[in-house]
Amino acid sequence: MTGGLSSAARLVAAAAVVVVGVGVAAARHGSSGPLPLTPSLAATRYAAIERVLTARGQAIVHHDRHAFLATVDPRNRVFRRSQARMFTDLARVPLRSWSYAMTARGRALPADAAAYDAPVWAPRVFTLGYRLADFDRRPTSLRQYPTFVERHGRWYLASLSDYTADGLVSATDLWDYGPVAVVRRTDVLVLGPPSQRQTMRVVAGDVQLAIPQVSSVWGRGWSRRAVVLLPRTQREMALIDEDHEDLAGIAALTSAEVRTAAGHPSPVGDRITINPANWHQLSPLGQQVVLRHELTHVASEAATGTHTPTWLIEGLADYVGYRFADVPVTVAAAELQRVVRGGRLPGRLPPDRAFRGAAAQLAVSYEQAWFVCRTIAQRFGVAKLVAFYRAVGASTRPPGQAVRRAVVAVLHLRLASLVALWRAEMLAALR
């Protein structure tokens, strides 16, 4: 990428499983462990907590602070303050819905459950589902690990972090870290800190221009809308996207909750997240390339199969990213040019591991992938490149076989011939 930075796709699968059952345990006053509940008491408790969660969701959508705080444990002052801040920080985000799903089966109680000095319960499965107005066709799910407490006959949400020590960390979003400002264009929604409104406006304008450009390559069969997040820090970005790789060389990434419908991937909650640590190192042209790259991921996600190799995912995105930029090949592939001129012409397509954030030759891998897709587009046409991508994504065969079959079916070549063409293109353009 321009400025030595690369962007990457992350498909985050976190589909909620909503199962209603009975038979759970709760901590009682002064008890050192859980006591069994009868099915009728378990069902009563489950129904009471469902009512709390319904009230909580309605309070957020209707901006009712009093009703929202009425669902939070009045004894847990630290958690109550953090929830009050979150409610305020969320105020400007355009929400169509906010709801919860949980199982009636409980998980083991937190180690310090006795400290609540009241009946405590935690569901085994719990998800927050929210939908951004005009942008999310369906709610996206965030897995969370709450603790509920009963005081004087009423149940409250008491914590979202009691299980952190066990490695069960509740998912977070932008509003969990500070106030969220909103910049809106017809087909673009940018969320970020109030201090970055000018950057957000520029990003919104660039994405609005990029949408028809991406459609001119991929086609119009996608939402043609985008939600962009601008966190305050790189660490915040990693927490929001639950990305555990090194983000130091990443300018932006795309994430979605990927569900399966009728055997096909069905992305929900597409988000483009900008890395604030690197964004301003890019030139305006570089930023536009990155945004087209990420927007291509959004457009192509539904056609990206579990066996689609990373070189094809990233190569297509970079091809679209650079297609509308007046950037010489030797600039777009500067790192690869050094490799080629050093007599180390790649002999095979880059493996998936070469695209991990901490990979030593990350930029070279991206540039190799771009060159493969550029070669296909130049030799066979852009429509064939898209058809090839779709054919690989639709295949149920292992990755290697999926690519080989698509090369034959779409390009009427053997894979070895495509690799030879790719190498010849690199030699001609970069030596």
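By class, how many nonpolar, polar and charged residues does the lining of the largest cavity have? The legends below take up this question and then move to other parts of the chain, and every view shows a predicted model.

**View 1. The largest cavity and the residues around it.**
A search of the whole structure finds one cavity of 30 Å³ or more, and the volume of the largest cavity comes to about 40 Å³. The residues that line the largest cavity are Ile60, His63, Phe87, Leu90 and Ala91. Sorted by class, this lining has four nonpolar residues, one polar residue and no charged residues, which answers the opening question. Empty space of this kind is found by rolling a probe the size of a water molecule over the atoms.

**View 2. Helix α1 and the histidine that follows.**
Helix α1 covers residues 39-61, and its 23 residues reach 33 Å from the first C-alpha to the last, which is close to the 33 Å expected at 1.5 Å a residue. Several residues of α1 are buried, among them Ala42, Tyr46, Ile49, Val52 and Leu53. Two arginines, Arg45 and Arg56, also belong to the buried residues of α1, as does Ile60, a residue that lines the largest cavity. Just after α1 comes histidine 63, which is placed in the loop between α1 and α2. Histidine 63 has a positive phi of about 60° although it is not a glycine. Is histidine 63 buried or partly exposed? Histidine 63 counts as partly exposed because its relative accessibility is 48%, and this residue also takes part in the lining of the largest cavity.

**View 3. Aspartate 73, a buried charged residue, and its contacts.**
Aspartate 73 is found in the loop between α2 (65-69) and α3. Because its relative accessible area is 0%, aspartate 73 is buried. Which side chain does a polar contact of 2.7 Å join to that of aspartate 73? The partner is arginine 151, and the polar contact runs between the two side chains.

About 680 Å³ of space lies in the second largest pocket. Of the 28 residues that line this pocket, Ser170, Ala171, Thr172, Asp176 and Tyr177 are the closest to its centre. Which helix gives the largest share of the lining of the second largest pocket? The largest share, six residues, comes from α3, while α3 (77-89), β4 (95-102) and α5 (234-241) each supply at least two residues of the lining. Divided by class, the lining of the second largest pocket has 13 nonpolar, eight polar and seven charged residues.

**View 4. Two glutamates in loops.**
Glutamate 242 lies in the loop between α5 and β13 (250-261), and with a relative accessible area of 41% glutamate 242 is partly exposed. Although glutamate 242 and valine 169 are 73 residues apart in sequence, their C-alpha atoms are 9.8 Å apart in space. Glutamate 301 is found in the loop between α6 (284-300) and α7 (310-323), and glutamate 301 counts as buried because its relative accessibility is 4%. The C-alpha atoms of glutamate 301 and proline 267, which are 34 residues apart along the chain, are separated by 6.6 Å.

**View 5. Helix α7.**
The 14 residues of α7 reach 19 Å from the first C-alpha to the last, close to the 20 Å expected at 1.5 Å a residue. Helix α7 is mostly covered, with 13 of its 14 residues buried.

**View 6. Aspartate 117 and the chain around it.**
Aspartate 117 is found in the loop between β4 and β5 (120-121), and its phi is near 50°, a positive value in a residue other than glycine. Because its relative accessibility is 42%, aspartate 117 counts as partly exposed. For the protein chain as a whole, the secondary structure comes to 13 helices and 14 strands, and buried residues make up 54% of the 431 residues. Among contacts between residues at least 6 apart in sequence, 68% join residues at least 24 apart.

Methods:
Residues numbered from 1 in each chain as written. Predicted model: local features only at pLDDT ≥ 70, side-chain atom pairs only at ≥ 80, totals over all residues. Heavy atoms only, no water. 1 Å grid on protein atoms, 1.4 Å probe; cavity = no way out; pocket = protein on both sides within 12 Å on 5 of 7 lines; lining within 4 Å. Points joined across faces, edges and corners; volume = space filled by probe spheres on them. Helix = DSSP H or I, 4+ residues; strand = E, 2+ residues; numbered from the N terminus. Nonpolar A, V, L, I, M, F, W, Y, C, P; charged D, E, K, R; others polar. Buried < 20%, exposed > 50% of the residue type's maximum accessible area, 1.4 Å probe, protein only. Polar contact = N/O pair within 3.5 Å; in protein donor to acceptor, adjacent residues only side chain to side chain. Expected span 1.5 Å × (residues − 1). Contact = heavy atoms within 4.5 Å.
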